[in-house]
Amino acid sequence: MSSTRKLNREKEKMEDNNKDINNWLAVTRSRNGKWWYSAFHNVTALVGAGVLGFPYAMSQLGWGPGITVLVLSWICTLYTAWQMIEMHEAESGKRFDRYHELGQYAFGEKLGLWIVVPQTLIVDIGTDIIYMITGGNSLKKAHQILCKDCKPIRTTYFIMIFASLQFFLSHLPSFNSIIGVSISAAVMSICYSTIAWTSSAHKGALPDVKYDGRSSTTTGNVFDFFTGLGTIAFGYAAHNVLLEIQATVPSTPEKPSKKAMWKGMIAAYIVVGLCYFPVAIFGYWAFGNSVTDNILMSLDKPHWLTAVANIFVVIHVTGSYQVFAVPVFDMMESVMVRRMNFRPTWYLRFISRNIYVALTMLVAIIFPFFGGLLSFLGGLVFAPTTYFLPCIIWLVVYKPKRFSGSWCANWFCIVFGVLLMVLGSIGAMREIILQAKDYKFFS
């Protein structure tokens, strides 16, 4: 009898300790988020650096294939987002607050970790590196426009300036505590997307605009096509933080979190459509195959508007960096506290987060290949975590009848996502190699 009481006390103590840790960790610290919180977080995560590369991707894909892939990606990723929102509480009374927890539920404790964690870490860290590059490039472009007579400054220094903002913001404790940053970022993404497509439309098609392949060889055009697929895959990928965002929304049996989360997701995807399609279509229409891998770099006039757009990009990727960094902070701090027995203190958080920001800054400085990285990460890891891993988990958990509507929809997304993954990675690796030939470190 006494041993039973002792076991119960130990169990209660472990549960209390686990509750205290969850209250300290970034993802589960606060669960009072509103539906519009999720809308802003999702817009911030979705409409990022990827949209700036869409006209370039269109120049690699061409009109027909480009628009087809854009539309199919919008439909497919909205469907997989709905799946993940539904599976957040797939088991009654339990919430899967992190992507890897859902993976463990579907594939088992160990296999689920090995399948999901490497991919999600590469997505989050890779995205933050790309946002470091984007922030630095946009600061440099704004500086060049506003101060034409100034001495040129290396991209390295602009990336370091952008990183200094992240060193400060990274110490906000949880998702809900960055809602102000997320709102600003979401508004900025709409603003600079609008500037990009309206400026392109106002500028009109260049006198000598061409819409044929970017490369002079058939082989080059084939690889360009592959790269374009990966770029578009990157632009639609925000599912990696979807469950973590939903974890901040309160849930009761009468009012489950999926209702508020789905409402926010619909709002976010409407914004995505209003940003993505005009930027891709008008940007490609205006510049054709001469468009750069960042549409704002192709826009020179009016100078003041282009400078403002680049400043908007900086503000947006500042918030986007945080949205993708929070799950990494959560994972790092969880491992250190639960596995390595560190005490959950403010200085543990201070040191670990500063190290993370410093490492992403360093990698961004060494490898600032914006276009190639977009496509490579889009194909290699964004396509699995966004396009087809949710479908595989759905098939494992719910086992829909073969050849039913659900079964067919899932397999379509799986095949589509695998093609994006394989072809996008191949094309992007070639582009990175070509860009690296002329690059000087710390330029």
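Visitor: How many disulfides turn up in a search of the whole structure?
Guide: One, where a disulfide is a pair of cysteine sulfur atoms within 2.5 Å. This is a predicted model, in which local features need pLDDT of at least 70 and side-chain atom pairs count only at pLDDT 80 or more, while totals for chains, interfaces and linings use all residues. Residues are numbered from 1 along each chain as its sequence is written, and side-chain values use heavy atoms, with hydrogens and water left out.

Visitor: Okay, which cysteines does the disulfide join?
Guide: Cys-147 and Cys-150, with an S to S distance of 1.4 Å.

Visitor: And why is the disulfide of Cys-147 and Cys-150 right-handed?
Guide: Because the torsion about its S-S bond is about 40°.

Visitor: Switching topic. Where does Ser-189 lie?
Guide: In helix α9, residues 179-203. Helices are DSSP runs (H or I, at least four residues) and strands are too (E, at least two), numbered from the N terminus. Ser-189 is buried, with a relative accessible area of 0%.

Visitor: So what is Ser-189 in contact with, leaving aside neighbours within four places in sequence?
Guide: Val-43, Val-47, Cys-275 and His-316, with contact meaning heavy atoms within 4.5 Å.

Visitor: Now the rings. How many aromatic pairs are there?
Guide: The count is 25. Rings of Phe, Tyr and Trp (its six-membered ring) pair if their centres lie within 6.5 Å; planes under 30 degrees apart are stacked, over 60 edge-to-face, and the rest tilted. Take Trp-36 and Phe-40: their centres are 6.3 Å apart and their planes at 90°, so that pair is edge-to-face.

Visitor: How do Trp-36 and Phe-40 sit along helix α2?
Guide: They are four residues apart in that helix (residues 35-46), so about one helical turn separates them. Trp-36 is partly exposed at 34%, and Phe-40 is partly exposed at 26%.

Visitor: Which residues form an aromatic cluster?
Guide: Tyr-79, Trp-82, Trp-394 and Tyr-398 form one.

Technical notes: Buried means under 20% relative accessible area, exposed over 50%, partly exposed in between (1.4 Å probe, protein chains only).
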